[in-house]
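Biologist: I'd like a close look at one helix in this model, and then a tour of what surrounds it. Take your time and keep the context coming.

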Amino acid sequence: MNSLRRILALIVKEFILILKDPKSRLIVVGPPLIQFFVFGYAATYDLKNVRYAVLDESRGALSRQLLARVEGSDTFELARVLSSEKEIDEVINLEEARILLHIGPDFERNLQGGQPATVQVIADGRNPNVAMVALGYLQNIVGQFNRVLAARGVSSRAGPSLQLVDRAWFNDNLQSRWFMVSALGGVISMVVVMILTSLSVAREREFGTFDQLLVAPFTPGEILLGKSMPGLLFGLMNALIFSAGAVWWFNVPFRGTVSALVLSLLCFIVTMVGMGLLVSSFSMTLQQGLLGAFVVMMPAVVLSGLATPIENMPHWLQTMDLVNPVRYIIVALRRIFLEGADVAMIWPQLWPLLIIAGVTLPSAAWLFRHRTQ
Amino acid sequence: MTNVVGSVAAARQDAVLSVRNLSKSFTAKNKAVTSGLQDVSLEAMAAQVTGLVGADGAGKTTLIRIAAGLLSPTSGSVTVLGLDSVAESIKIQSRVGYMPQKFGLYQDLTVAENMTLYADLQGVPVAQRSERYEQLLEMTGLAPFTRRRAGALSGGMKQKLGLACALIKSPRMLLLDEPTVGVDPVSRRELWKIVYKLVATDGIGVLVSTAYLDEAERCDHVVVLHEGALLASGTPDDFKKQMQGKVALVSPAAGEPTRPIYTHLASKNHIVDATIRSGRIRAVADNNAVNVVDDALPTGFAGTVAKAAPNFEDSFMLLIPRKGPQFQANGNQPALEKDIANEDVVVETRSLQKFFGDFEAVKKLSFDVHRGEIFGLLGPNGAGKSTTFRMLCGLLPASAGEIRVAGRDLRRSRAWARSRLGYMAQQFSMYGQLSVTENLGFFGKAYGLDRKRLRQRIDWAFEEFGLTPWADKAAGDLPGGYKQRLAMAAALLHEPEILFLDEPTSGVDPFARREFWLRINSFAQQGVTVIVTTHFMEEAEYCDRMLIMSRGDTLAMGTPAEIRALASTEENREPTIEDAFIALAEGQAGEA
């Protein structure tokens, strides 16, 4: 009874402190909102509006038909039409266009005459990602054009006898936004939880109030519980709101169960609370706490598989990454949203989280009393 | 009403600072205007130390900041070395040495690097530097520590380094804002020696604000500010002349306890101030002190009352009007005659040691504290008293030895054992954003008080500490004295048996300090054991027993009378505790 009253007093105090401070209130709302829209709109691999230039020396009906196809796609945007080869260097060097299509003077003649015709494509290799993807799109367009020509009997060459028909599961149109946004709840809650908790103990140490807690009859476990609650609650709230936002705002499908979603987020947030409190217990000042939080967050996100696949990393890094909580929640969230996973299916992602929490939380509690000056 | 004591000298040629009808008001966010200074005029002369004294919120810091060109006056003018503080503030800043309360030392730079940094900022020519550094380092005694990080210096050494940095360009005037707050008596004396030397040899003018009235007494000229207005100014002698006959010294008969008489006198009308000095009670009355005191003394008093020579502190206490709820020690309460030595031991240490790396911060300390005793831990900065204190509270593990507080080692005992002690940290450690009521509510519940009990205790705290008008104010916005009251109320809410107070009176004005000790006294009489650290040596008089530490070791332990006896010499038959402390500390320094 006594202990309950103490813990309750502690939890109430933690919440009042966060809600009374305009800066803390902002931390709970601001960064999550910014991240949601930045990741949702900006972080995408789908190419749009790639500027290209055209040098059409053939000027025939067929070359215009091919160019119309390019122009008609969302991916490309015509930047300039060239009139001589001399302009090619300039247009690429000055980044006026990332792609140049050069159709030679004998394009039409060759095609009509049943000869293979070539289209020269020059891509700006300074950004290989864009160049590769854009070339892929162009190949598609040229392939389609070939088939149309064959069907019309213009080209005497039959299409390839073996054709690849591809189909992507879970994300039919391969929209990278689904891939990003489905995992956002994890990253957003991480930022809120890390900042709130990493500052909580450090702030009290800096202002001297932590000693006052330590001489009061609180056990380390009680302090831990009191300090965890705000991060837990605000983190979960943010993660759930933005998961809903993913579905209603960005139209990402939600195919799994809500219980799996809540459970995996809860496990993850408890783990992050442990990380945050550990950082905070090590820090003697607010500044150290905040710096510590960023030192943890940056690699955690980069190595999480949010943007780049973990399989691409060197082996030793992959092994180290096993203690990174963010990688587990990202896999879990994608499986819940896109694959339709339930609790049983995401269990392999949950138990590593619980093990990490089982180490960080007690260590943080131990440090409350043992990290002193 | 301005009550100017003595004659204000006609404006002389060598005034380094002249303040004319200066007013300054501050506008808060909600448009409320508070007045910082009202129509203040004063002058500071070259080759003189001018002291600025007053209680918290008197406007001392505001005045010094205006003189340094950091604030602009609302009306009136300040001229420093003939330069106007608004129009020519840049020139002033390059000719004046200014040392704010918290001097901006870079904690991670060494002593030498800090000095070089300030020399660069002040544009001191490189050719002059080595000579100037040598002078300053020699004067401040920092020469052996040039390679030490500023953050690793003791409080006193930091202030000396701050002073050295302020002096780096040989200024013609020095502005010092409470330079000795938080500095132990030995370092305090050294700091003042430096200032007086500069005044005598270089003829610079010094304007210094201070909360220590003994320091004010040694100034050439003193200005008393109160709530932004100039209350009086003159030489310390001018002030003292007005006090003739208003001070009495009460000497209790042999064996008669001093403290109950002191609490008794402090609560009487017409007695403006009562303090314990060298085992006697010094009482200031508004008139004819000996008669007033004679009438006020409890029946059966067997000692003597005599007229005493007034000092500046007496006149200061009489000058400043009191307001707000004053603590009234219950004078009618029968003075409990305690034989402390027979009470149970509530705190004991045996061969207590603490190492930080190789450094032995506390060396085999052993002492006992009995129930109902006020036990003082005294010593200069860095003596290990804070370390000892933190070990006793269970905030720091001991490296070796035993500690028992209320029969337990608090570090290893279960949480509920801590509910029997109250703790007040040196730094204000309430939640600044929470209101006074919320703070008290939180700490009450933290100690497991139930709803009804909590209500009772919070009501008690509001009444006892006069906190009612501040109930809904954020604790961080309280004035200094009230912050201290709140911290103490929070420490006492659960009625602890043992009260730990770490430097409770540091940075607090003389009124709050007196009130504080009266309170402590009354708690001790109710059987609360009090362990207190302080570096105000005159406060040691209020302790039953004290332990004086130096360099982690016991320098002396005993009652105030016993400690004073240690320093009794032919020349000084009635030494103060401070004399004793300095004699002991210097004696040890000589051995080492």
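Modeller: What follows starts with the helix, moves out to its chain, and ends with the other chain.

First, some housekeeping. Residues are numbered from 1 along each chain as its sequence is written, while chains are lettered from A and ligands numbered from 1 in the order in which they are written. The model is predicted, so to speak of a local feature I need pLDDT of at least 70, side-chain atom pairs count only at pLDDT 80 or more, and totals for chains, interfaces and linings use all residues.

Let's take helix H5 of chain B, residues 155-166. Helices here are DSSP runs of H or I with at least four residues, strands are runs of E with at least two, and both are numbered from the N terminus. H5(B) has 12 residues and reaches 17 Å from first C-alpha to last, close to the expected 16 Å (1.5 Å times one less than the number of residues). What makes H5(B) worth a look is burial: 11 of its 12 residues are buried, so the helix is largely enclosed by the rest of the structure. Buried means 20 or more other C-beta atoms within 10 Å of a residue's own, exposed means 12 or fewer, and partly exposed is in between, with C-beta atoms placed from the backbone. The buried set includes B:Gly156, B:Met157, B:Lys158, B:Gln159 and B:Lys160, and also B:Leu161, B:Leu163, B:Cys165 and B:Ala166. An α-helix has 3.6 residues a turn, so residues three or four places apart point the same way.

Contact, here and below, means C-beta atoms, placed from the backbone, within 7 Å.

Zooming out, chain B carries 18 helices and 23 strands. Its radius of gyration is 25 Å, close to the 25 Å the globule rule gives for 592 residues, so chain B is as compact as a globular protein of that length. That radius is taken over C-alpha atoms, and the rule is 2.2 Å times the number of residues to the power 0.38. The C-alpha trace of chain B spans about 65 × 60 × 60 Å along its principal axes, and 48% of its residues count as buried. Of its contacts with a separation of 6 or more, 72% are between residues 24 or more positions apart.

Further along chain B come two open sheets. One has 3 strands in the order S16-S15-S18, paired antiparallel; strands pair if DSSP finds at least two bridges between them. Its edges are S16 (359-370) and S18 (400-405), each pairing on one side only. S15(B), residues 345-356, joins S18(B) over 5 bridges, with B:Val347 partnered by B:Val405.

The other sheet has 6 strands, S19-S20-S21-S17-S22-S23 of chain B, with mixed pairing. S19 (421-424) and S23 (553-558) of chain B stand at its edges with a single partner each, so one side of each has no neighbour in the sheet. Within this sheet, S17(B) (374-378) and S22(B) (545-550) run parallel, joined by 4 bridges, and B:Leu377 has B:Leu547 as its bridge partner.

Now for the neighbour. Chain A has 15 helices and 4 strands. A compact globule of 373 residues would have a radius of gyration near 21 Å, but chain A has 28 Å. The C-alpha trace of chain A spans about 95 × 45 × 40 Å along its principal axes, and 40% of its residues are buried. Its mean pLDDT is 85, with 94% of residues at 70 or more; pLDDT is the predictor's confidence in each residue, from 0 to 100. That confidence is lowest in H7(A) (176-182), at a mean of 81, and highest in H11(A) (258-282), at 92.

Where the chains meet, the contact takes 21 residues from chain A and 23 from chain B. On the chain A side, helix H1 (2-20) and helix H9 (209-215) each supply at least two residues, and H1(A) gives the most, with 8.

Note on methods: Contact = placed C-beta atoms within 7 Å.
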